[in-house]
Amino acid sequence: MLKYQPKPLNPTTTITTVPGDKSISHRSIILASLTKQDIKIEKCLMSTDCLNTINIFQQLGVSINYQKQTGCVDINGVGLHGLKAPKTQLNVGNSGTAIRLISGILAGQSFNSTLTGDASIQTRPMKRIILPLTQMGAKITGNDLHNEKCPPLHITGTALQGITYELPIASAQVKSCILLAGLFANGKTTVIETKATRDHTEIMLKGMGVDIKQIPLKSQGRSITVIPPKTLSYRNHQTLTIPADFSSAAFLIVLALITKIDLTLHNINLNPTRSSLLNVLEGFGIPVKETSDITEFFDGILIKRSASTLGEPAGDIRINITNTLLKNGTVPTELIPLIIDEIPILAIYGLFALGTLTVAEAEELRVKESDRIATIVAMISKLGGTITETSAGFYLQGNPDHTVSDHVCIDPKFDHRIAMAAIIASVASQTPIQLLDSECIETSFPNFMDIIQQLYRT
């Protein structure tokens with residue numbers, strides 16, 4: 001158990017950098033392993049999740065060396081067809097991204113494998129990837145649990161056939177699983193998504209020379225078609241620099257908004273499929289402006305764009321509000337898939353804002369690291385907020401003058417984003433809390449506590 005005692009924040013300008021993007025770090029490790037190049041990854045996220053992905057590809061015969069302190073990873077790729085049969089089960093730990101993406105790759109191999117993970121992963125639904133992979137010819141079995149197929153996943157490597165598949169749920173993980181399986185399939189593979197989801201896989205495959213076509217649909221979504229390449233290679237560079245993770249930055253953005261400190265975050269991933277929380281906040285009345293001078297006075301959020309990294313737009317974000325009143329509103333349902341990881345910290349924003357925060361059509365939260373609807377509702381209730389749970393979201397009544405009772409005990413259910421959201425609430429209210437588990441934060445943001453410490457007055 002962690003007993004957390006916050007300290008007063010420094011209101012003057014603070015500049016900091018959050019770790020590398022977790023989604024892109026996973027994909028960089030995976031795809032670099034499938035080239036026949038020597039690839040260097042800089043600013044890779046060295047979280048527990050990503051270290052597990054590195055370990056998995058080492059077990060699959062890829063030579064990978066890394067420096068945990070610097071985030072430098074050196075990978076000697078083995079090519080699309082150079083992976084070797086693992087001698088033991090492959091453990092993804094707590095990572096839903098890793099198990100779904102790697103399943104797509106292993107389904108098309110010439111050997112058998114088993115993917116497993118921690119207790120949380122072993123309750124996560126995998127029918128959503130097993131169904132399309134089976135249509136491609138894959139042979140995958142899992143444990144029956146609550147009318148679902150859950151890990152461990154036993155994968156019999158086999159030849160795959162390209163398919164056209166319409167996603168029944170908006171999920172970048174499922175989409176990426178199918179597209180990666182398509183690299184090993186006979187014929188083209190097309191995924192149709194009726195709601196836009198994160199597009200890191202498409203950007204990275206395009207940067208590796210893969211013939212990938214994206215066609216907008218009349219609705220909000222698009223179709224993505226991949227034609228299997230003979231090889232994967234980075235044509236323009238063999239050093240990949242990972243931008244900083246917007247989902248991690250979101251915790252600090254909300255803290256700065258609530259406490260009105262002046263905070264600048266460097267080199268944050270501004271891919272519109274990742275930074276949509278800014279659109280939500282702007283819709284709630286927070287001024288957002290793009291600028292060429294991040295030091296200019298502006299009561300709101302300033303964005304200064306820099307050169308793209310790996311095809312991903314990036315830039316600095318400065319949060320500096322003095323007079324703007326925090327207000328709640330209804331999150332547009334079309335943005336839910338794009339902010340699914342930011343909803344826990346958005347709930348903390350809502351706790352300290354005026355009016356009602358409404359989140360709907362977010363049933364995907366039920367099958368994240370925890371049942372995030374239930375854990376958000378429990379957390380907000382413990383923090384003294386007024387919140388009503390629905391089947392696919394919640395209504396939260398906020399209060400700009402909200403106070404948190406001393407030493408409330410929060411159970412994050414081993415969910416890193418719930419744990420960090422609770423810490424932000426503690427710091428924002430200057431109220432000590434207790435966390436039943438804080439080690440789960442290592443999953444995505446290993447130096448989270450250190451960065452919070454940097455924001456305190458010296």
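Reader: How much space lies in the second largest pocket?

Author: Start with the general idea: rolling a probe the size of a water molecule over the atoms shows where empty space is left. In this predicted model, the second largest pocket holds about 450 Å³ of space.

Reader: Which residues lie nearest the centre of that second largest pocket?

Author: Its lining has 21 residues, and Pro19, Gly20, Cys44, Gln69 and Asn447 lie nearest the centre. Sort the lining of the second largest pocket by class and you get nine nonpolar, nine polar and three charged residues.

Reader: OK, now the largest pocket: what is its volume?

Author: About 610 Å³. Its lining counts 35 residues, with Ala170, Ser171, Pro337, Ile340 and Glu364 closest to the centre. By class, the lining of the largest pocket splits into 16 charged, ten polar and nine nonpolar residues.

Reader: Which helix gives the largest share of the lining of the largest pocket?

Author: That's α1, with four residues. At least two lining residues come from each of α1 (22–33), α3 (96–107), α5 (172–182) and α11.

Reader: Let's turn to a helix. Why can I call α9 largely enclosed by the rest of the structure?

Author: Check each residue against the cut-off: buried means under 20% relative accessible area. In α9 (residues 343–351), nine of the nine residues are buried, so the helix is largely enclosed by the rest of the structure. Among them are Ile343, Leu346, Tyr349 and Gly350.

Reader: And what do the buried residues of α9 pack against?

Author: Their partners are the helices α7 (246–259), α8 (277–283), α10 (372–382) and α11 (416–429), plus the strands β21 (355–359) and β23 (393–398).

Methods. Residues numbered from 1 in each chain as written. Predicted model: local features only at pLDDT ≥ 70, side-chain atom pairs only at ≥ 80, totals over all residues. Heavy atoms only, no water. Buried < 20%, exposed > 50% of the residue type's maximum accessible area, 1.4 Å probe, protein only. Contact = heavy atoms within 4.5 Å. 1 Å grid on protein atoms, 1.4 Å probe; cavity = no way out; pocket = protein on both sides within 12 Å on 5 of 7 lines; lining within 4 Å. Points joined across faces, edges and corners; volume = space filled by probe spheres on them. Nonpolar A, V, L, I, M, F, W, Y, C, P; charged D, E, K, R; others polar.
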